[in-house]
Amino acid sequence: MQQASHPTTPPSDCPETTLAHVVPVRVLLSVFAALVVLTVVTVSVSYFNLGALNLLVALGVATTKATLVALYFMHLRYDNALHAVIFLIGVAFLALFLVITMLDTIQYQPDVQSYQQGIR
Amino acid sequence: MTQRDPSQRKSGEPRVESGEPPRSDLPARDSPLTTRHSPLRAADRGDDSAPLAHHFASLRQQSDAARLGMWIFLVTEILFFGGLFCVYAVYRANRPEVFVDGHHFLSTPLGAGNTVVLIASSLTMALAVRSAQLGRRAALVGLLGVTLLCGLAFLTVKAVEYKQKWDHRLVPGQARIASWFSGGAASPQGSAAARDQFRPDLQYVKEHLEPAGPGNLTEAQWARRVDNLRSFMGIYFALTALHALHVLIGLGVIGWLLVGASRGRFGPRRFTPVDLVGLYWHLVDMIWIYLFPLLYLIH
């Protein structure tokens, strides 16, 4: 019987004696620095009024930070690809949930607004 | 590379991982001290290796499978919070003024500080997993301790923020909650409906809203804005309290890890518990990374 196969080849700095890839310290520290910088960016951008772009930028920066955490801190980059697929499937279903709900919300916006105008 | 088929292993032979010599410190397979389905516990074996369960081909596959299971749990957590994020999205689409008014009552510096603290705790947690993989016990214990302290710092700041809201009577249902603690004695309004009314400190509310919006508003318009504030505070407390509960549970589990680590239970061949708790902690951090801009950075 064959050894359990790894769909992804471990990177060259992964010692084969370990049960999983050991993430190098410099990678962890640079990801931390990037996350702090992105936090500073998102706080500073929020002080400028860019209209609808504010929310998009804030969510974009948050998604970048979350991606960094998932790839390096949660070692999705070094693990069996199935783990990343499961995570992405979860995110896909969350997106489905939000998109369909928002479609419904946007559809009924005129009704909501006319009701609010009526009771003001 | 050849490996013996586990199903054809004769009884009496010790279970081995391919390439390793038989363990002389373990009892023989047919000894009454061990059975096929319950190998000795780590404390009895006296080292940090994990037993290889019979349905896995190798320790690496067993470790991978553990992480796979944890990822599936994390997906359920993402969808769990997704429900509340959906509430936020629908509310913000229909009533943006609720959020524009509401965020004035949240302190951006405290929120940003909490974000950095949680990111730092994620770093120390990832370093702790690394220490466990490399068998560095002192570093593991130290890093787990720092993670615990960062988490406690986060909860402390959250408690300070919540106390601020409580002092100005901004918590929805505050009168009812207060009556639980005072044994129902302090109930000046009398009826339950009056007790459930949202009666914030109006002086405080006006101070914070006036610079942002138009000055002279009618009583009805102020009542409407106070109502908006109630909606915002409800969403704020639901989201952050659920997150804080997850942080608290995470801290409890990290404490359990800390006890195990100080007894030397984790090492290069058994770091899966540290790894899995690390994955949970990073997810809690990720959720806060999304909560922070959505609640605190609306200008």
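What pattern does chain A follow when read along the sequence? In this predicted model, chain A runs α-α-α-α. Chain A has 120 residues, and buried ones make up 21% of them. As for how the chain folds back on itself, take the contacts in chain A between residues at least 6 apart in sequence: 53% of these join residues at least 24 apart.

Helix α1(A) covers residues 25-45 and helix α2(A) covers residues 53-73; the two pack with their axes 10 Å apart, at an angle of about 170°. Angles over 145 degrees count as roughly antiparallel, so α1(A) is roughly antiparallel to α2(A). On the α1(A) side, the residues that take part are V27(A), L28(A), V31(A), A34(A), L35(A), L38(A), V41(A), T42(A) and V45(A). Across from them, α2(A) brings V57(A), A58(A), V61(A), T64(A), K65(A), L68(A), Y72(A) and F73(A). Sorted by class, this contact holds 14 nonpolar residues, with two polar and one charged.

Next comes the meeting of the two chains. In the model, 43 residues of chain A are in contact with 46 residues of chain B. On the chain B side, at least two residues each come from α2, from α4 (108-134) and from α10 (272-296). Which helix gives the most to the side of chain B that touches chain A? That is α2(B), with 18 residues. By class, the side of chain B that touches chain A comes to 27 nonpolar, twelve polar and seven charged residues.

One helix pair shows how the chains pack against each other. Helix α3 of chain A (residues 81-107) lies against helix α2 of chain B (residues 59-94), with an angle of about 20° and 9 Å between the axes. Angles under 35 degrees count as roughly parallel, so α3(A) and α2(B) are roughly parallel to each other. Their crossing is right-handed. The contact of α3(A) with α2(B) is made up of 20 nonpolar, six polar and one charged residues.

Is A128(B) buried or exposed? It has 31 C-beta neighbours inside 10 Å, so A128(B) counts as buried, the cut-off being 20 or more. Setting aside neighbours within four places in sequence, A128(B) is in contact with L140(B), L143(B), L144(B), T147(B) and V274(B). There is also G142(B), 14 residues away along the chain, whose C-alpha atom is separated from that of A128(B) by 8.2 Å.

How far can the model be trusted? Overall it scores ipTM 0.83 and pTM 0.80. Chain B averages a pLDDT of 82, and 76% of its residues score at least 70. Two stretches of chain B fall below 50 in pLDDT: residues 34-38 and residues 42-47. Beyond near neighbours in sequence, residues 34-38 of chain B have four contacts in the model, and residues 42-47 of chain B also have four. Where pLDDT is low, the predicted coordinates should not be read in detail.

Notes
Residues are numbered from 1 along each chain as its sequence is written. Chains are lettered from A and ligands numbered from 1 in the order in which they are written. This is a predicted model: local features need pLDDT of at least 70, side-chain atom pairs count only at pLDDT 80 or more; totals for chains, interfaces and linings use all residues. Axes are lines fitted to C-alpha atoms, for helices over the stretch in contact, and angles run from 0 to 180 degrees between N-to-C directions. Helices (H or I, at least four residues) and strands (E, at least two) are DSSP runs, numbered from the N terminus. Angles under 35 degrees count as roughly parallel, over 145 as roughly antiparallel, 65 to 115 as roughly perpendicular and the rest as oblique. A crossing is left-handed if the near helix is turned anticlockwise from the far one by less than a right angle, and right-handed if clockwise. Ala, Val, Leu, Ile, Met, Phe, Trp, Tyr, Cys and Pro count as nonpolar, Asp, Glu, Lys and Arg as charged, and the others, Gly among them, as polar. Two residues are in contact if their C-beta atoms, placed from the backbone, lie within 7 Å. pLDDT is the predictor's confidence in each residue, from 0 to 100. A residue is buried if 20 or more other C-beta atoms lie within 10 Å of its own, exposed if 12 or fewer, and partly exposed in between; C-beta atoms are placed from the backbone.
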